[in-house]
Amino acid sequence: MFIERMSSWTKGTWFHGVKFVQDTKNKGKIAFGIMAALLLVSGTAAGGYVYQSNVNTLYHISLDGKEIGSIENPDAVRKWLGDRLAAEKKKYPDLALGFNKEISITEKQHYNGKGTRQEDVLNKLASAVQVEANAAQLVVDGQVIAYARDQKTINQTLTSLKASYNEKKATQNLTAGAGNVSPEQAKQMESDLSEVSIKENIQIREGKILPEQVLKEPQLMNRMKKGVTIVSKHETVETLAIPYRVNVKPDPTKYRGDDKTIVQGKNGSKQVVYELVKENGKLVQKNAVHQKILQQPVTKVMIRGTKVKPSRGDGQFRMPSAGILSSPFGKRWGRIHAGIDLATPIGTPVHTSDHGRVTFVGIKRGYGKCMIVDHGNGYQSLYGHLDGFVAKKGDIVAKGEVIAKSGNTGRSTGPHLHFEIHKDGEPINPMLFLR
Ligand SMILES: [Zn+2]
């Protein structure tokens, strides 16, 4: 603001001011308006004229009401102000410019008044007065983050920022980020309409600032991208599998690990509508809002053995296989036959003779494919000339469990199962124990 006035008095004489107002809104031109000019002569102060010849005029220059000096001729000050404004106007033709301080020039009459040096007044002006723009502030959560020419510029830039987070772009971001979106799903998303809003509290206010601080649209947009969070929401539809349930029926008559499926499970499918919430295009929330079952899953039903297998034998051995005793324990062809032979066709199930743990699965010289079960009570049993193995080394096997198939491997004269029982490492006659 720039005010020029004349409102002073001499003894008995009132001058009511001439007020010059510079209108900052009027394109920066200095408009001088004569507000009033009135001369009153007081009837009781006729003596005032006596000193008329000693009266001189000084122009008092004030910034925001604080005087910085008084000079005899204000033209230099007026010129300085005018030039200063014109120079900025030339640089920033589309901004509304004004001074940062209220500058007033007040004419006063003095008796032998002494003024300030004009140069000092101009120096003081130069250090304190700046041209500033009447701009618009973008206030985000109470903090000014940018200045623009006007409110309309800010509003338009906000609108185009929001528009940049349209559906298509958001979908591309999701596709790139999530990695598990099928092209069909991405297409589906594109067709949905999103709802875009700003997370922060936004205010647009009038504000004064140096002209060079006023941002043009591209810089304003960049500043907004850093200071404003665009929240976009839209819906998407996905088809998902419904995993089947498993219904386990315990069976105490069967050993643990002995599972049998009686109904095969089958996954179902459902269509789920999700609300996706994104901030600046980045997915921050995914909420299921609706779902439709397309196909119900089929529950898998299985029977599970719960009986604990004893790893220790009870000493009551059973026959390891069906078959005819073809060779007994004892002396044979001048050698000790350490077990018994049971003539069986190749592939006949071989059962463990008592509870225990499988300690050997492999080939043994003379025995061919061979398996040894340790019964944990000082007894071991050995099964030879096998065709194949069912149990693995380390398995706990219950009495009667199928552990192998009989065969004709190793030093054998025909398909049969060779069976030994050892007590404390010494072979004994199985026939004494078998039941
Ligand atoms: Zn034998």
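Two residues are in contact if their C-beta atoms, placed from the backbone, lie within 7 Å. The model is predicted: local features need pLDDT of at least 70, side-chain atom pairs count only at pLDDT 80 or more, and totals for chains, interfaces and linings use all residues. Numbering starts from 1 along each chain as its sequence is written.

**Helices α1 and α2**
- In α1, Ala76, Val77 and Trp80 meet Gln118, Val121, Leu122 and Leu125 of α2; helices (H or I, at least four residues) and strands (E, at least two) are DSSP runs, numbered from the N terminus.
- The residues of this contact divide into 6 nonpolar, 1 polar and no charged (Ala, Val, Leu, Ile, Met, Phe, Trp, Tyr, Cys and Pro count as nonpolar, Asp, Glu, Lys and Arg as charged, and the others, Gly among them, as polar).
- The axes of α1 (residues 75–91) and α2 (residues 118–128) come within 10 Å and cross at roughly 25 degrees; axes are lines fitted to C-alpha atoms, for helices over the stretch in contact, with angles from 0 to 180 degrees between N-to-C directions.

**Proline 297**
- Proline 297 lies in the loop between β18 (282–295) and β19 (300–307).
- Because proline 297 has 17 C-beta neighbours inside 10 Å, it counts as partly exposed (20 or more would be buried, 12 or fewer exposed, and partly exposed is in between).
- Proline 297 and lysine 266 are 31 residues apart in sequence, yet 5.5 Å apart in space, C-alpha to C-alpha.
- Leaving out residues up to four places away in sequence, proline 297 touches residues including Tyr244, Arg245 and Lys266.

**Strand β16**
- Strand β16 (residues 259–263) is hardly covered, with 0 buried residues among its 5.
- β16 pairs with β19 in the antiparallel sense over 4 bridges (pairing needs at least two DSSP bridges).
- Threonine 261 stands opposite methionine 302 in β19.
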